[in-house]
Amino acid sequence: MKLKYSFLLLIAALSLSGCKTDIETFKENYKLEITNSKLNWTEEDTVVISLVDAASIGVDSVIWTQNAAFIKGGDEVSLSRKLKNQPYGNLTFKATVYKNGMNTTVATKVKRMPKEKVKIYKYKVINTYDHDTASYTQGLEFYGDSLYESTGQFRESDLRITSVETGETLKKIDLPASQFGEGMTILNDKVYQLTWQSKVGYVYDLGLNKLDEFKYNLSKEGWGLTNDGTYLYKSDGSSKIWKIDPNTYEELSYIEVVTNDRIVSKINELEWIDGKIYANVYTTNVIMVINPENGKVEKAINMSHIVKEIPNYSENENVLNGIAYDKKNDRLFITGKRWPKMFEIEITQ
């Protein structure tokens, strides 16, 4: 009798464990459906998206976003979005549904690509300068006459001010041994520096005195960083470049970097030059020039020959990774991780 009773208890326990909770049922109830789905989306199209409420649970409110950017909020369960002047790549639409104190987020996406092929450009070397081979370069940027550099590797990472002419380190501050330094940029007399996988960045004054630190939550990792004079732009190792508020550190939206035939991943070091983002693609010898409004690669510079000047170059370690534009003197510089040289270059056709 005891055996039969124990068996019934076991069956009841298993049955209960298989039951879904209210929150699980709630989360599984909703999905997004593109009601006018098509294979090829153009500038003239409008995508129409509906929130499907399978069990008619209802909604209290819905917040709609596109590539993390807020579109609208309220109780509307559908979205009509014109694609004219929208970014390329995957446009990811999300609806965050709120009901009875619970919430869940569902997503769908459309993909559109530019038609024009990327123009390939060449370069010529104007000047060559010494570069510190101990510097595992992650970020490089001029501010006035000063050249700032962010370096990586655990127990080696720092932020420094260097001499262009000699490669000498004029001043530096070390990061904690547990942090792997990444890209940096300077905006409004503040130096912003990323770390790799710690999801934390640091803010300094121009003398490298620490002022603040910030976290990033939506973007994957910390890779490259630049700014347009108002906002920060951050790469995270994927195809995305995030737009960030420099005061609140909120990740406002993102673009995906695309050519006519592919979405480009491993976007790394960034530099803002004349309204465009110049980006190094990690482990390649290519610098891409990107439209920051839509992610389209407008041209690419083939830097493959310059690595022949680097005796310690390696395809997986001491790679090209440093772009700095001297706006005051209209000069463009590139270097790499532990490279003994930094080059002033001119882009040619």
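The charged end of Lys 38 is placed over the ring of Trp 41, at 5.9 Å from the ring centre; a charge is taken to sit over a ring if NZ of Lys or CZ of Arg is within 6 Å of the ring centre and within 35 degrees of the ring normal. Arg 112 provides another such contact, its charged end sitting over the ring of Tyr 88, 4.5 Å from the centre. The model is a predicted one, in which local features need pLDDT of at least 70 and side-chain atom pairs count only at pLDDT 80 or more, while totals for chains, interfaces and linings use all residues. Residues are numbered from 1 along each chain as its sequence is written, and side-chain values use heavy atoms, with hydrogens and water left out.

Rings of Phe, Tyr and Trp (its six-membered ring) pair if their centres lie within 6.5 Å, and planes under 30 degrees apart count as stacked, over 60 as edge-to-face and the rest as tilted. The pair of Tyr 129 and Phe 333 is tilted, because the ring centres are 5.8 Å apart and the planes stand at 45°. This pair links distant parts of the chain, since Tyr 129 belongs to strand E8 (residues 119-130) and Phe 333 to strand E26 (residues 331-336), 204 residues apart. Helices (H or I, at least four residues) and strands (E, at least two) are DSSP runs, numbered from the N terminus. Tyr 129 is buried at 14% relative accessibility, and Phe 333 is buried at 0%; buried means under 20% relative accessible area, exposed over 50%, and partly exposed in between (1.4 Å probe, protein chains only).

Tyr 202 and Tyr 204 form a tilted pair, with 6.4 Å between centres and 50° between planes. Tyr 202 is buried, with a relative accessible area of 6%, as is Tyr 204 at 3%. Ring pairs also join Tyr 136, Phe 154, Phe 180 and Trp 196 into a cluster.

The largest pocket has a volume of about 410 Å³. On a 1 Å grid over the protein atoms alone, a pocket is an open set of points with protein on both sides within 12 Å along at least five of seven lines, whereas a cavity is a set of points where a 1.4 Å probe fits but cannot get out; lining residues have an atom within 4 Å of a point. Grid points are joined across faces, edges and corners, and a volume is the space filled by probe spheres set on the points. The pocket is lined by 18 residues, of which Glu 141, Phe 142, Asn 227, Trp 272 and Lys 327 lie nearest its centre. Two or more lining residues come from each of strands E9 (137-143), E13 (181-187), E17 (225-227) and E21 (267-273).

Strand E13 is largely enclosed by the rest of the structure, because seven of its seven residues are buried. Five bridges join E13 to the antiparallel strand E14 (residues 190-195); two strands pair if DSSP finds at least two bridges between them. Ile 186 stands opposite Val 191 in E14. In the hairpin of E13 and E14, with two residues between the strands, Asn 188 adopts a positive phi near 55°.

The largest cavity has a volume of about 50 Å³. Its lining includes Asp 130, His 131, Glu 149 and Met 342.
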